Amino acid sequence: MMPDKSYERHGVRVFECAAEGAPLQQDRDAVDLIAEAWKHRAGLIVIPADRLGDAFFRLSTRIAGEILQKFVTYRLRVAIVGDISGYVAESRALRDFVHGSNRGEQVWFVASLEELDKRLEQHGVES
């Protein structure tokens with residue numbers, strides 16, 4: 001099992017969650033992650049898409065909104081990393097949500113760490 005790790009990328013302190021960790025199922029899980037990220041003085045949390053259950057990607061459950069709102073409230077940027085194309089293909093609402101999120105600075109959905117690296121290179125320490 002790979003542990004969580006923190007590092008610096010393009011002037012941003014990143015806390016990357018291990019893919020094998022406990023799933024994020026409610027806003028309390030987000031608060032726990034935020035506390036852990038603060039220990040690492042991170043400004044961006046990287047969460048593997050695999051750590052989010054199917055219910056997260058069904059916007060009608062409101063789980064995505066509740067979890068992501070915690071990151072916004074605590075002024076911590078978050079990147080969901082992984083292939084979510086299957087979910088996006090099934091839901092216009094999710095597709096619009098992902099598109100809108102990616103236009104901002106707070107929440108990003110990216111397919112890979114390489115894509116995240118490119119975004120950080122472009123956006124750096126802006127927040």
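Questions on fold, packing, core and charge follow.

Colleague: In what order do the elements of the protein chain run from the N terminus on?

Modeller: This is a predicted model. The protein chain has six helices and five strands. From the N terminus on, the order is β-β-α-β-α-α-β-α-α-β-α.

Colleague: Why does the protein chain count as compact as a globular protein of that length?

Modeller: The globule rule gives 14 Å for 127 residues. The protein chain is close to that value, so it is as compact as a globular protein of that length, with a radius of gyration of 13 Å.

Colleague: Which element gives the largest share of the largest nonpolar core?

Modeller: That core has 28 residues, and Leu-33, Ile-45 and Phe-71 are among those touching the most other members. Helices α1, α2, α3 and α5 and strands β3, β4 and β5 each supply at least two residues. The largest share is five residues, and it comes from α3.

Colleague: Which residues does Ile-45 contact, leaving aside neighbours within four places in sequence?

Modeller: Contact here means heavy atoms within 4.5 Å. The list for Ile-45 includes Phe-15, Cys-17, Leu-33, Ile-34, Ala-37, Phe-71, Leu-76, Arg-77, Val-78 and Ala-79.

Colleague: How far apart do the centres of the positive and negative side chains lie?

Modeller: The protein chain has 17 positive side chains and 20 negative ones. The centres of the two sets are separated by 5 Å.

Terms used
Residues are numbered from 1 along each chain as its sequence is written. This is a predicted model: local features need pLDDT of at least 70, side-chain atom pairs count only at pLDDT 80 or more; totals for chains, interfaces and linings use all residues. Side-chain values use heavy atoms; hydrogens and water are left out. Helices (H or I, at least four residues) and strands (E, at least two) are DSSP runs, numbered from the N terminus. The radius of gyration is taken over C-alpha atoms; the globule rule is 2.2 Å times the number of residues to the power 0.38. Lys and Arg count as positive and Asp and Glu as negative; His and the chain ends are not counted. The place of a charge is taken as NZ of Lys, CZ of Arg, CG of Asp or CD of Glu. A nonpolar core is a set of buried Ala, Val, Leu, Ile, Met, Phe, Trp, Tyr and Cys residues joined through side-chain atoms within 4.5 Å. Buried means under 20% relative accessible area, exposed over 50%, partly exposed in between (1.4 Å probe, protein chains only).
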